[in-house]
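Have the viewer open as you go.

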Amino acid sequence: MSSDQIERVTPPVSWAEAEARLSGSNWLAAPVVQTVFSAFADKGEDCRAIGGAVRDTMLARPVNDLDFSTTATPDVAGQIMQEAGFAVHETGLAHGTITVARDGAAFEITTLRADVATDGRHASVDFTTDWSVDAARRDFTINAFSCDHAGKLFDPVSGFADLQAERIRFIGNAVTRIREDRLRILRFFRFSASYAHGEFDPDACAAIAEEKSGLTQLSAERIHGEIVRLLVAPRAVEVVAAMADLALFELLLGQPVDLGLFSTLVQLETEYAITPDPMRRLYALLAPLSPDGVDSIQARLRLSRQEAEVLKTIARAISTPAEGVSAMLYRFGAPAVRNAALLKAAAEKPRRRGLADRLASALAWQRPVFPLTGADLIAAGFSPGPALGVELARIEAAWIASEFTLTAAELRQIIRSENTD
């Protein structure tokens, strides 16, 4: 389960509790992590764990990625890590970042930076040794925490109060932060969906309303990464509604969204303890969505082939005339039928009619194997080619209509000749 799908966790009640969670964390005590700290300290350089790992540890959430910041310049940082036995990869050298690996663990280490110039997508930076300068260039107050080797907490932009209040607030002037990187509009909503509770920060919302046209500058890949994560976050319904109020989906997806269907789908997922799926939820936002309509969304969000196929299969399953559950499962597969059942139930009035049975059938279903192959038709006189495929499909349809009860012998009896009109 990703951190975006974790239920709400009570923030630490005090600074002392926060530092106790940090000092007692497994990741901080790991020998490979302590080696990073000690290697820099031995060379007179400061090094701290930074950002999400520190924040999530204070919230008792799992830590999946660990990043460090240091006063050492990238070349010096690389040399220090090599001498400590780490493999060093210059993955983002222009922005001060190296990736180091040892003992099966990999970390990004970034030199403290100050922005020199930004264009809404990229930044030019200078290196610094001032932690407060580096913190000031980050996006939200709860993302600027750092800690040392012992779990001592540093909070240069007063993010701890925001963490306790469960609010997302830009560092400094919200308009300035957004103009530095337009993606921060979507990050604000994703973090609000995952970490916040209560009212949205009014300064942030005003700045987003003023700067939302800048979203058109972003690459589809960056938009995709934020959208699919915020759709499955715990507070997705409230966040999607707030984004719709600001007409952000018209900019991002080229159309308004169905808040009612989305909200009801989320309720059903919760009621039936079904793990949120970003493509199912995306379909709910955009319904009705035809298979052809998926192509437009795929282009706008750079969906993977697999993601686009999930949407298309849902669309086919929903638009197919009513037939038996077994036939639906055979044609489209259990995941698509389950998705279609949830979406149809979300649109029904009264809702949930027969949903439990359909979900249970999808979970228990095992796909039967069609008893005939092309070889059977060739043995009956067909030549390889289009006519064989048409006849095989006709026989398969009859087998499906029989609820898969017709045997191979019975199916062979209904094979037509190749020359039958």
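How many aromatic pairs does a search of the whole structure find? The search turns up 15 aromatic pairs, where rings of Phe, Tyr and Trp (its six-membered ring) pair if their centres lie within 6.5 Å, and planes under 30 degrees apart count as stacked, over 60 as edge-to-face and the rest as tilted. Take phenylalanine 170 and phenylalanine 188: their ring centres are 5.8 Å apart and their planes sit at 15°, so this pair is stacked. Phenylalanine 170 is in the loop between α7 (159-165) and α8, while phenylalanine 188 belongs to helix α9 (residues 184-195), so the pair ties together parts 18 residues apart in sequence. Helices here (H or I, at least four residues) and strands (E, at least two) are DSSP runs, numbered from the N terminus.

Before going further, a word on ground rules. This is a predicted model, where local features need pLDDT of at least 70 and side-chain atom pairs count only at pLDDT 80 or more, while totals for chains, interfaces and linings use all residues. Residues are numbered from 1 along each chain as its sequence is written, and side-chain values use heavy atoms, with hydrogens and water left out.

Back to the rings. Phe170 and Phe188 are part of one aromatic cluster, along with Phe140, Phe189, Phe191, Tyr195 and Phe200.

| Arginine | Ring | Distance from ring centre |
|---|---|---|
| Arginine 102 | Phenylalanine 86 | 5.4 Å |
| Arginine 235 | Phenylalanine 200 | 4.7 Å |

Now for what's tucked away. Buried means under 20% relative accessible area, exposed over 50%, and partly exposed in between (1.4 Å probe, protein chains only). Phenylalanine 170 is buried at 2%, and phenylalanine 188 is buried at 1%. Glutamate 180, in helix α8 (residues 174-180), counts as buried too, at 14% relative accessibility.

Helix α19 (residues 334-347) is worth a click as well. In α19, 10 of the 14 residues are buried, so the helix is largely enclosed by the rest of the structure; among them are Val337, Asn339, Leu342 and Leu343.

Zooming out, the protein chain has 23 helices and 9 strands. Its radius of gyration (taken over C-alpha atoms) is 27 Å, well over the 22 Å that the globule rule (2.2 Å times the number of residues to the power 0.38) gives for 421 residues, so the chain is more spread out than a compact globule. Buried residues make up 48% of those 421.

Key: A charge sits over a ring if NZ of Lys or CZ of Arg is within 6 Å of the ring centre and within 35 degrees of the ring normal.
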